[in-house]
Amino acid sequence: MMQRLFFSAKKGRRRARWRTPVAAGVQASATIFLILRRMRAPLITLIAIFAVSVLGLTLVPGRDADGAPERMSIFDAFYFMSYTATTIGFGELPQPFTAAQRLWVMVTIYLTVIGWAYALGSLLTLLQDRKFRQALAVQHFTRKVRRLNEPFLLFAGYGRTGQALGRSMDALGRRLVVVDISEERIDALDVDQYAADVPGLVGNAGNPHVLEMAGLGHPDCEAVLAMTDDDETNLSVVMAATLLRPEVPIVARTTSATIGNRMRAFGTPTVINPFDRFGDRLRLALRAPASYQLLTWLETGPGTHLPGRAEPPANGRWVVCGFGRFGRELAADLRANGAEVTVLDPEADPGRGGPQLSVICGDATDPEVMDQVGLTDAVGFVAGTDNDTTNLCLVAAAQRVNPELFVVARQNDPDSTPMFAQMRIDSLLVATEVVTHEAYARLSSPLLWQFLSRLPEQGDDWADRVVGRLADHCGFHLENVWETTLTGRETPALGEWLAGGAARLGDLLREPADPDRPLPVVTLLVRRGNGDVVMTPDDDELLHKGDTLLLVGPSAARSALNAVIAVETLFSYVVHREYVPAGTLWRWLVQTVRRR
Amino acid sequence: MNLEKVVFGFFVLLAATLNFGFFIGDLSDPTVHNVYELFAAVVVNLIATVLKFGDRTQIGAVHLATSLVADLQLIAATVMWAYAAHVSEEGMTEAATAGIVSLSGGALFANVVSVILLLVETVSFQRK
């Protein structure tokens, strides 16, 4: 026994390193057994009724064509019962019936009608049964997920954040699998326009079995996104995903620092806390407005118009209304930025103030309290309660007292967007957007995330120049952000050019139709084969084999560059301004002539 | 006592006995093979098959398979009987009878396997 215990413990530890299968298919394959089991009684009734009817019909005395007494054979009786019971009714075959036969047939007609009604009724009830339909849906879903043969993102939770992210990922051509507790959201998947089919399952994402059905164990699962509204569920998703598939990247959202720490205890998930991130972004916006502008533009994704650049206020005192999770994070960030902060909250404890922090207890909408806070000599104002109506009132009241204030507001409900849009707000926090943008930047392309995480340290002037270049080359609408790796595998000429050591970036980015004109693209970053990164390289940057470029530009430029890289003749024409014949024979002729 | 098991065992055994009753006797002599017995065997076999629906165990699956084999054989025998008795000119010849009875003999074999499975199941149940 001891040995066995020891052995199983050892085995358990070993298994954790491998993929642990969680039985999921069992539930789905049970559907057919459910039908069969429930259909037992009706089918047996039907068989019994048929048997009794046929047997009776062969025993009742009848008459043959000449009027002599004769009984029906089993064959004729079964034939008669088959068309009578199914209400086809060809009449009395093969001979007109005797009174005794008619008497029996009358009984059997009513019997078989009951039998059929019972069998069909049971079948229809079964088909409309909620559990049965669920079982069918689950089976359908697992089959779809199992048959996916390209990388997909597993969305656990598909609320506003998940949907926004899912749509932009779908637009990039990525596949999604969705689990959500709400039936409405899963039903909406069928109605909404997606480029690819999105399998959806109604279920609790915190349940490992549900996640397994949704493809957590699938070799093509490229990332798991814990995007439910519930922090506990997100934590369960992170736990399940890290324990079952430690190698798959996880992105989780939470608004609680405690839950965030618990998530990190399980490995290295990307935890996005919108309040925390917003505070960081606000600090960036105050310190380096151009960096903030570039960051926001790139992470919002294709199709975004260049956002406006906010003018940060001079150093001074900030007033923060609402001292919940958001208020606390933001006050800490502002103080770290060197600002003095006055906090106003109906439930705050005035004794909790500290250096650069004074806490006032009171209702912010009360004019007397507002006077006490001293808005006239403040530079910034934060409306950060968890109620949108209160936040709007606060912003309006504060701007009436001091129109020069830098106003930060928190929007809780996505439905209040039009109202917030009408107010003059310098920086608006929408938690779902913060999460969506960051998750997008991380998942859409690894290089984009590398670029964005290095962006703040490059300085504001640099960011200003990059924004200017992007606007000059590609316009005010962000079109395409893509990666290209230079392998030279398809085009040997490209490989030779790269190996030559004089491959200028500016020579490659040329318009194929007219190589004197540069392509309207901006190279944000070059990653060398050894992992080194060059931020915003200029035209003289030398390229090497295995370099990956992160580019921004219109779709036409993207396909032009792809063609230059993939088609030998086009490449030679663009880079060397030489015409290389496309056919092998002609090329050989040209080369031979040239050698002479 | 489990009533479901009683009904199940009853039908499985009855299917085998009826089948045996029809099969026994001179292979080609129509007088010793009653067609009503064949009819009863078909009906009881069908009921036994339906009773085996929806069992997810391995032994349940084999049970269902044997029953389906018996059904197939018996229905083939019935069709052959209907052809001989009603369609063909010669009527119930010795050859036709032999065909019908040997088909039911095949079904009997499947039914015997079914009964053996029933016994195995019962014995292994008691050992636990």
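Let me begin with a definition: a residue is called buried when its relative accessible area is under 20%, exposed when that area is over 50%, and partly exposed in between, using a 1.4 Å probe and protein chains only.

Hi everyone. What you see here is a predicted model, in which local features need a pLDDT of at least 70, side-chain atom pairs count only at pLDDT 80 or more, and totals for chains, interfaces and linings use all residues. Residues are numbered from 1 along each chain as its sequence is written, chains are lettered from A and ligands numbered from 1 in the order in which they are written, and side-chain values use heavy atoms, leaving out hydrogens and water.

Let's talk about confidence. The term pLDDT is the predictor's confidence in each residue, from 0 to 100. Chain B has a mean of 91, with 97% of its residues at 70 or more. Chain A averages 83, and 94% of its residues score at least 70. Please be careful with residues 1–25 of chain A, where pLDDT stays under 50. Helix α1 of chain A, residues 2–17, has the lowest mean among that chain's elements, at 40, while strand β3, residues 152–156, has the highest, at 93. For the complex, the predictor gives an ipTM of 0.79 and a pTM of 0.71.

Now chain B itself. Helices here are DSSP runs (H or I, at least four residues), strands are runs of E with at least two, and both are numbered from the N terminus. Chain B has four helices and zero strands. Its C-alpha trace spans about 60 × 25 × 20 Å along the principal axes. Of the 128 residues in chain B, 43% are buried.

A contact means heavy atoms within 4.5 Å. Leaving aside residues up to four places away in sequence, B:Asn45 touches B:Ala15, B:Asn19, B:Ala70, B:Asp71, B:Leu74 and B:Asn111.

Next, where the chains meet. How many residues of chain B are in contact with chain A? There are 17, and they meet 18 residues of chain A. Buried area is the accessible area (1.4 Å probe) that two parts lose on being put together, summed over both. For these two chains that comes to about 1,800 Å², 77% of it on carbon and sulfur atoms. B:Tyr36, B:Phe39 and B:Arg56 supply 32% of the area that chain B buries against chain A, more than any other three residues.

A salt bridge is a side-chain nitrogen of Lys or Arg within 4 Å of a carboxyl oxygen of Asp or Glu. The rule finds one across this interface. There is a salt bridge between the side chains of B:Glu4 and A:Arg40, at 3.4 Å from N to O. On the side of chain B that touches chain A, α2 and α3 (58–87) each supply at least two residues, and α2 of chain B gives the most, with eight.

One last stop, on chain A. A:Gly354 lies in the loop between β10 (340–345) and β11 (357–361). A:Gly354 counts as partly exposed because its relative accessibility is 34%.
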